[in-house]
Amino acid sequence: MPSLHVFSRKGGSIYGLQLITSFSGSPALETLEFSNVEGFRRLEINSSNLKRLKFKEYWLPNDGDDHSLEIVAPYIQHLEISKNLDDLKCRLVNVASVVHARLTFRITCSEYSSDSCPDDHQVIKTLVQEYFQKLSCATELTIGTWFTEVMLTFEGGLLLPELKCKCLTLDLHITKFYSYGAAILLQASPHVETLNITMATIDLDFSRCKVELGYLAKGGDIHLLSSFGFPNLKNVKVVSSSGTCLQGHLVWDYDELFKLSEFILKNAMGLEKFVLISRRRMCKRCSMNCASQYLFRLAEKLVGCPRSSANSMIICQEGAFHD
């Protein structure tokens with residue numbers, strides 16, 4: 001499959017591109033990937049043959065206050081935006097053909113520790129709403145931790161459009177996992193048949209402004225959400241990959257993943273299987289099989305939870321190991 005990879009370190013040659021970057025030629029090109037780029041403000045792709053766009057990380061140049069990027073790609077079917085975008089406000093102007101989207105990036109506050117910080121977070125909340133509006137017809141979505149964090153900023157829940165997604169993957173870090181935001185996303189996804197929850201493998205440590213620290217500390221009570229049925233959800237899979245130590249989660253008061261799992265069992269009327277998979281034999285940090293122990297304990301707790309589907313099964317297993 002013909003593809004083009006555009007890569008640059010900070011200060012690299014991509015900064016020399018014009019602020020408006022348009023791709024309409026190269027009729028054989030099917031995949032376009034940007035990694036660690038900077039400088040342009042509009043990416044326009046008019047080729048009907050180019051089906052995949054990957055955008056990984058963005059460096060903000062010191063050339064003014066315009067920290068925005070517009071993506072116009074009406075024929076793209078697969079979209080991936082990942083890693084840290086700094087305070088770049090990346091907007092999807094036209095992605096009408098996207099069927100599979102992976103959004104695992106994060107945007108930070110551009111006015112860190114300043115009086116206008118709350119205004120910046122209002123822009124971020126609007127951006128999140130726009131993302132789901134533009135991608136409401138996609139059939140497969142992968143959503144990262146940052147989106148569930150932003151949803152905590154909305155009192156009474158985030159107003160999202162009804163998503164047509166049938167396969168939803170939550171790619172989340174276990175120590176920054178917020179069940180409330182994930183539950184709101186599920187409520188907006190009544191067509192979901194398969195839900196995958198993947199515990200990310202990398203520890204992320206970002207500086208937080210006061211606004212972020214405030215709403216993350218406050219959190220959200222998943223039990224205060226209105227009752228909602230997931231009529232089409234049949235299969236749930238929780239996967240613990242390598243790199244995440246779960247020793248500290250073996251004893252919990254009320255674990256976030258347990259809260260979300262309990263919420264799903266209570267509301268998934270046609271659920272058939274709830275599978276928990278450990279893909280690590282031994283943890284390099286605590287020198288024990290903490291992932292398997294954590295998921296087994298979680299499975300034991302879930303067996304006693306109320307379920308909407310009387311025929312659902314809870315399965316705990318060990319998959320292909322990654323040491």
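Strand β14, residues 273-278, is mostly covered, with five of its six residues buried. Here, buried means a relative accessible area under 20%, exposed means over 50%, and partly exposed covers the values in between, with a 1.4 Å probe and protein chains only. Helices (H or I, at least four residues) and strands (E, at least two) are DSSP runs numbered from the N terminus. The structure is a predicted model, in which local features need pLDDT of at least 70 and side-chain atom pairs count only at pLDDT 80 or more, while totals for chains, interfaces and linings use all residues. Residues are numbered from 1 along each chain as its sequence is written, and side-chain values use heavy atoms, with hydrogens and water left out.

Strand β14 pairs with two other strands, where pairing requires that DSSP finds at least two bridges between the strands. Strand β13 (residues 235-240) runs parallel to β14 and is joined to β14 by six bridges. Within this pairing, Val238 has Leu276 of β14 as its bridge partner. Strand β15 (residues 313-318) also pairs with β14 in the parallel sense, again over six bridges. In that case Val275 stands opposite Ile315 of β15. In a regular strand, side chains alternate between the two faces of the sheet.

Helix α6 spans residues 290-303 and contains Tyr294. The relative accessibility of Tyr294 is 0%, so this residue counts as buried. Tyr294 and Gly248 are 46 residues apart along the chain, and their C-alpha atoms are separated by 9.3 Å.

The cysteines were examined for disulfides, a disulfide being a pair of cysteine sulfur atoms within 2.5 Å. By this rule the count is zero. The cysteine sulfur closest to that of Cys286 belongs to Cys290, and at 3.7 Å it is too far for a bond. Cys286 is buried, with a relative accessible area of 16%. Cys137, in contrast, is exposed at 54%.

Salt bridges were identified as a side-chain nitrogen of Lys or Arg within 4 Å of a carboxyl oxygen of Asp or Glu. The whole structure holds seven of them. One is formed by the side chains of Lys56 and Glu33, with an N to O distance of 3.5 Å. Because Lys56 lies in strand β5 (residues 52-59) and Glu33 in strand β3 (residues 31-38), this pair ties together parts that are 23 residues apart in sequence. Lys56 is partly exposed, with a relative accessible area of 22%, whereas Glu33 is buried at 11%.

A further salt bridge connects Asp171 and Arg102, whose closest N and O atoms are 3.0 Å apart. This pair links distant parts of the chain, since Asp171 belongs to strand β11 (residues 167-172) and Arg102 to strand β9 (residues 100-106), 69 residues apart. Asp171 is buried, with a relative accessible area of 17%, and Arg102 is partly exposed at 27%.

Strand β9 also holds Arg106, whose side chain meets that of Glu149 in a salt bridge of 3.8 Å, N to O. Glu149 lies in helix α2 (residues 145-150), so the pair ties together parts that are 43 residues apart in sequence. Both Glu149 and Arg106 are buried.
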